[in-house]
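Thanks for coming, everyone. Please have the sequence and the structure open, and we will walk through them together.

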Amino acid sequence: MRTIGVAIAIPEPWASQLQDYRTSLGDATATMIPTHITLVPPTEIHDDLLPDVESHLESAAARVAPFGVHLRGTGTFRPVSPVVFVAVVQGISGCEQLANTVRQGPLDQKLTFPYHPHVTIAHDLPDASLDKAFGELADFECEWSVEEFHLYVHDDTDGWRPTREFALRAALTG
């Protein structure tokens with residue numbers, strides 16, 4: 001068995017800025033979690049299913065066109081979950097379409113919470129740290145074009161590491 005996830009990587013320089021900020025809040029796991037927008041949450045699969053998952057992700061990438069993402073400001077899932085995040089303000093529908101496409105076939109699953117694309121910047125920290133993150137990154141903003149997503153595999157020593165990239169290949173319409 002191995003634990004995998006599928007996500008959109010946040011590009012540099014923003015990925016390092018947000019990861020460094022998360023670390024500065026005292027989140028001990030931050031260095032083991034690349035900055036990302038989740039498409040498929042942590043999922044356990046049998047090793048022999050990995051080729052099927054990769055084939056499925058290749059097919060999914062062929063059905064989705066590149067799209068723009070604009071991150072701006074902060075949000076929170078409190079009181080339901082102790083999370084503060086940078087909000088996706090443009091590209092929500094692109095993230096939803098991609099997430100729905102990859103969460104089929106071997107990655108079909110029932111989610112614990114409704115899908116809400118975001119970039120976590122504080123998780124499972126004291127309320128004061130969550131409040132600090134919510135306020136200090138309220139003016140954060142960046143934009144880029146999502147042209148690929150990644151398969152990540154979790155390792156107990158190294159954390160989450162991308163193992164394969166899948167380029168979005170559907171033609172843009174309209």
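Helices (H or I, at least four residues) and strands (E, at least two) are DSSP runs, numbered from the N terminus. This is a predicted model: local features need pLDDT of at least 70, side-chain atom pairs count only at pLDDT 80 or more, and totals for chains, interfaces and linings use all residues. Residues are numbered from 1 along each chain as its sequence is written, and side-chain values use heavy atoms, with hydrogens and water left out.

Let's start with the open space. The rule works on a 1 Å grid over the protein atoms alone. A pocket is an open set of points with protein on both sides within 12 Å along at least five of seven lines. A cavity is a set of points where a 1.4 Å probe fits but cannot get out. Lining residues have an atom within 4 Å of a point. Grid points are joined across faces, edges and corners, and a volume is the space filled by probe spheres set on the points.

The largest pocket holds about 990 Å³ of space. Its lining has 35 residues, and T38, P41, P42, H118 and T120 lie nearest its centre. Which strand gives the most to that lining? It is β2, with six residues. β1 (2–9), β2 and β5 each supply at least two.

Now the cavity. There is one of 30 Å³ or more. Helix α1 (residues 14–24) brings the largest share, three residues.

Next, H36. It sits in strand β2 (residues 36–45). Is H36 buried or exposed? Buried, with a relative accessible area of 19%. The cut-offs: buried is under 20%, exposed over 50%, partly exposed in between, with a 1.4 Å probe and protein chains only.

The H36 side chain makes a polar contact of 3.0 Å with the side chain of T38. It also reaches the backbone oxygen of P34 at 2.7 Å. A polar contact is a pair of N or O atoms within 3.5 Å; within protein, one must be able to donate a hydrogen and the other to accept it, and residues adjacent in sequence count only if both atoms are side-chain atoms. Leaving aside neighbours within four places in sequence, H36 is in contact (heavy atoms within 4.5 Å) with A7, I8, I10, H118 and V119.

On to the sheet. Four strands form an open sheet in the order β5-β4-β3-β6, and the pairing is antiparallel. Pairing needs at least two DSSP bridges between two strands. β5 (118–123) and β6 (141–146) stand at the edges with a single partner strand each, so one side of each has no neighbour in the sheet. Five bridges join β3 (residues 67–76) to β4 (residues 83–90). T74 stands opposite V86 in β4.

Last, the backbone. Most residues other than glycine have a negative phi, and most peptide bonds are trans. Where are the exceptions? E12 and P13 are joined by a cis peptide bond, omega about 5°. P13 is in the loop between β1 and α1. The bond from R78 to P79 is also cis, with omega near 5°. P79 lies in the loop between β3 and β4. D124 has a positive phi, near 55°. D124 is exposed, with a relative accessible area of 55%, and lies in the loop between β5 and α4 (127–136).
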